[in-house]
Amino acid sequence: MSDELLATLLARVDPGTIYLPLWERAAKMLWLAHRRGADFFAISGWRSYAQQDALYRQGRTAPGLRVTNAKAGESWHCFGLAVDFCRDAATERRGLPPDWAAESYELLGQCAREAGLEWGGDWEWPDRPHVQLAGLTPEVLRQVREAFEVHGLAAAWMVLQR
């Protein structure tokens, strides 16, 4: 995979808002998927609390389908520790008409695991486009959230380096 293609696949997410070890593993995951014939585009990385709450209201008190079970501060997206990906349905051209078919994400899951990431498709309520650092626990979430709310994103990431 060329650096140009990798940049295209990651272009919709600001790398400054994603924890570097996640960013590096996501790049490896994309490379593995590309070698197996599939390209996935990053479509959502860091989210503000307001953005996360707006997504949570979708399908509950706001129009649209439910797309998350996490409120603000409960999603790893709020701390730059998760990224959602979309498979391009039009493989003969770039432009990202999304392919949301569940089976299209099995390869993403295989490649995510190989790259040392946790895939949301393995959860009780699957979130197939979602990948995050592996081994994140509710206790780590509490510590990350507290650090973030007092000192910001860089402090939240410092929790993971202890």
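Predicted model: local features only at pLDDT ≥ 70, side-chain atom pairs only at ≥ 80, totals over all residues.

Student: Start with the helix. Which residues of helix α4 are buried?

Tutor: Helix α4 covers residues 106–114. Its buried residues are L107, L108, G109, C111 and A112.

Student: What covers the buried residues of α4?

Tutor: Look for the elements in contact with them. The cover includes one helix, α2 (20–35). It also includes the strands β1 (40–44), β2 (82–88), β4 (117–119) and β5 (130–133).

Student: What follows α4?

Tutor: G116 follows α4. The phi of G116 is positive, near 85°.

Student: Now salt bridges. How many does a search of the whole structure find?

Tutor: The search finds five. Take R36 and E114 as one of them. Their closest N and O atoms are 2.9 Å apart. R36 sits in the loop between α2 and β1, while E114 belongs to helix α4. The two are 78 residues apart, so this pair links distant parts of the chain.

Student: Are R36 and E114 buried or partly exposed?

Tutor: Buried would mean under 20% relative accessible area, and exposed over 50%. R36 has 40%, so R36 is partly exposed. E114 has 41%, so E114 is partly exposed too.

Student: What about D84 and R47: buried or exposed?

Tutor: Both D84 and R47 are buried. Their side chains meet in a salt bridge, at 2.7 Å from N to O. Here too, distant parts of the chain are linked. D84 is in strand β2, and R47 is in the loop between β1 and α3 (49–57). They are 37 residues apart.

Student: Which residue does R113 meet in a salt bridge?

Tutor: R113 meets D122, at 3.0 Å from N to O. D122 has a relative accessible area of 46%, so D122 is partly exposed. R113 has 40%, so R113 is partly exposed as well. Salt bridges can also share partners. That is how E139, R142 and E146 are joined into one network.

Student: Where do Y19 and W157 lie?

Tutor: Y19 lies in the loop between α1 (3–10) and α2. W157 lies in helix α6 (residues 153–159). The pair therefore ties together parts that are 138 residues apart in sequence. Y19, at 8% relative accessibility, counts as buried. W157 is buried as well, at 15%.

Student: What are the values for F40 and Y105?

Tutor: Their ring centres are 5.7 Å apart. The planes are at 55°, so this pair is tilted. F40 is in strand β1, and Y105 is in the loop between β3 (98–99) and α4. They are 65 residues apart. Both residues are buried. Ring pairs also bring in W100, linking F40, W100 and Y105 into a cluster.

Student: Which residue lies over the face of Y56?

Tutor: That is R60, at 3.9 Å from the ring centre.

Note on methods. Residues numbered from 1 in each chain as written. Heavy atoms only, no water. Buried < 20%, exposed > 50% of the residue type's maximum accessible area, 1.4 Å probe, protein only. Helix = DSSP H or I, 4+ residues; strand = E, 2+ residues; numbered from the N terminus. Contact = heavy atoms within 4.5 Å. Salt bridge = Lys/Arg side-chain N within 4 Å of Asp/Glu carboxyl O. Phe/Tyr/Trp six-rings, centres within 6.5 Å; stacked < 30°, edge-to-face > 60°. Lys NZ or Arg CZ within 6 Å of the ring centre and 35° of its normal.
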